[in-house]
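Below are questions about how terms are applied to one structure, each followed by an answer.

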Amino acid sequence: MVNTAYDTAGQTPAASPWAAVGVSAFDELLYQAILNQPDAGAAGWALLTGASPGRVREACNRLLTLGLLQPPDSMGGLRAVDPRVAIRALIRRRETESELLAATAEEMATAYEAGLLREEPSRLVEVASGEGAIAARLEEMYARAEHEVCLFDTPPYLAPAGPQVDLQADLLSRGIVSRGIYSATGLEDPKALSRAFRMVELGEQARVLPSVPLKLLVVDGCRALLPLTASAAGGYCAVVVWHSAVTEALQKLFELAWQQAAPLGQAVDDGELSESERTLTRLLAAGMKDEAVARHLGVSLRTLRRRVSELQERLGAASRFQLGMRASQRGWV
């Protein structure tokens with residue numbers, strides 16, 4: 001038996017599966033001979049393979065190292081290890097080596113990128129102009145995410161939210177951590193609020209601030225997408241920043257904001273609150289102004305304030321802050 005196979009369509013040699021675990025063509029041939037004639041000994045295996053005894057001995061040493069043979073003992077000479085055990089062990093060893101190689105590649109890639117930046121600093125950034133170009137970069141960044149995505153979400157929303165929602169949902173389904181900080185003013189839009197709570201239901205860790213400094217997406221702490229022009233200027237123009245001191249600074253900016261932000265949770269239906277009360281606690285937790293909350297609920301300011309007062313009384317809260325804290329402790333938000 002040789003260490004190649006043939007593709008029946010193209011009649012071209014294809015590597016044997018044994019090559020994937022480091023077994024040469026001759027070593028495979030010898031191993032098959034040992035399996036078929038275990039008692040033949042080195043001289044017999046040399047005849048079966050048509051090789052010299054010296055070559056057979058060298059190949060046996062390699063098979064011993066690979067764990068396919070067991071050394072001589074008081075019961076006799078070389079013996080083959082059960083192929084089901086030996087081959088699985090070889091595969092596990094190769095998988096470990098591949099993982100180590102992949103880790104080394106990541107370390108080398110860091111040095112590679114640093115070298116490129118020193119040679120040509122313009123490689124640090126890539127400008128994406130137009131809705132289509134930005135959408136393509138956004139999709140690529142979500143697809144390449146391996147550990148975590150961090151997001152600042154704030155109006156104005158220049159493009160439809162649907163595609164990004166789908167990208168975030170796919171991200172969460174892959175087990176990637178997603179953290180979002182939402183602007184309270186942005187959540188005054190019913191559609192934006194509904195989308196935010198939908199992402200929380202899917203597993204996003206969400207928090208809210210009265211305002212966030214800019215739109216921002218940071219992937220794995222090493223790639224970032226942010227607007228190139230001021231929000232008031234409008235238009236579709238963004239910049240992708242590759243791993244550098246800039247992306248590290250943007251990640252730190254997100255972490256500082258995360259520490260200051262309040263959780264944006266999903267109310268728990270534990271029978272203690274009515275549907276409207278659950279919605280009210282969620283909106284209050286989002287830090288919305290009374291006018292915005294009243295619009296969401298479709299009630300007057302007077303009615304809203306009465307409902308808030310009733311909730312405070314039920315929880316023994318002297319202020320809205322205490323109301324939010326105690327509602328959170330009960331799992332209402």
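Q: What makes the pair R195 and D153 a polar contact?
A: The side chains of R195 and D153 come to 3.3 Å. A polar contact is a pair of N or O atoms within 3.5 Å; within protein, one must be able to donate a hydrogen and the other to accept it, and residues adjacent in sequence count only if both atoms are side-chain atoms. The model is predicted, so local features need pLDDT of at least 70 and side-chain atom pairs count only at pLDDT 80 or more, while totals for chains, interfaces and linings use all residues. Residues are numbered from 1 along each chain as its sequence is written, and side-chain values use heavy atoms, with hydrogens and water left out.

Q: Why does R195 count as buried?
A: Its relative accessibility is 12%, and buried means under 20% relative accessible area, exposed over 50%, and partly exposed in between (1.4 Å probe, protein chains only). R195 therefore counts as buried. R195 sits in helix 7 (residues 190–202), where A192, L193 and F197 are among the other buried residues.

Q: How do you know that the length of helix 7 agrees with its number of residues?
A: Helices (H or I, at least four residues) and strands (E, at least two) are DSSP runs, numbered from the N terminus. The expected span of a helix is 1.5 Å times one less than its number of residues. Helix 7 has 13 residues and should span 18 Å; its end C-alpha atoms are 18 Å apart, so the two agree. At the start of helix 7, a side-chain oxygen of D189 comes within 3.0 Å of the backbone nitrogen of K191. Just after helix 7, G203 has a positive phi of about 125 degrees.

Q: What makes a set of residues a nonpolar core, and which members of the largest one touch the most others?
A: A nonpolar core is a set of buried Ala, Val, Leu, Ile, Met, Phe, Trp, Tyr and Cys residues joined through side-chain atoms within 4.5 Å. The largest has 22 residues, of which Y182, L187, L264 and M288 touch the most other members. Helix 7 gives the largest share of this core, 5 residues. A second, separate core of 20 residues includes L30, W45, L68 and L69.

Q: Why is T49 called buried, and what does its side chain reach?
A: T49 has 15% relative accessibility, so T49 counts as buried. T49 lies in helix 2 (residues 41–49). Its side chain reaches the backbone oxygen of W45 at 2.8 Å, and a polar atom of that side chain lies 3.4 Å from the backbone oxygen of A46.

Q: Why is D220 called partly exposed?
A: Its relative accessible area is 21%, so D220 is partly exposed. D220 is in the loop between strand 9 (216–219) and strand 10 (223–227), and has a positive phi of about 55 degrees although it is not a glycine.

Q: What makes a space a cavity, and how many of 30 Å³ or more are there?
A: On a 1 Å grid over the protein atoms alone, a cavity is a set of points where a 1.4 Å probe fits but cannot get out; lining residues have an atom within 4 Å of a point. The structure holds 1 cavity of 30 Å³ or more. The largest cavity has a volume of about 40 Å³, and a volume is the space filled by probe spheres set on the points. R137, R223 and W242 are among its lining residues.

Technical notes. On a 1 Å grid over the protein atoms alone, a cavity is a set of points where a 1.4 Å probe fits but cannot get out, and a pocket is an open set with protein on both sides within 12 Å along at least five of seven lines; lining residues have an atom within 4 Å of a point.
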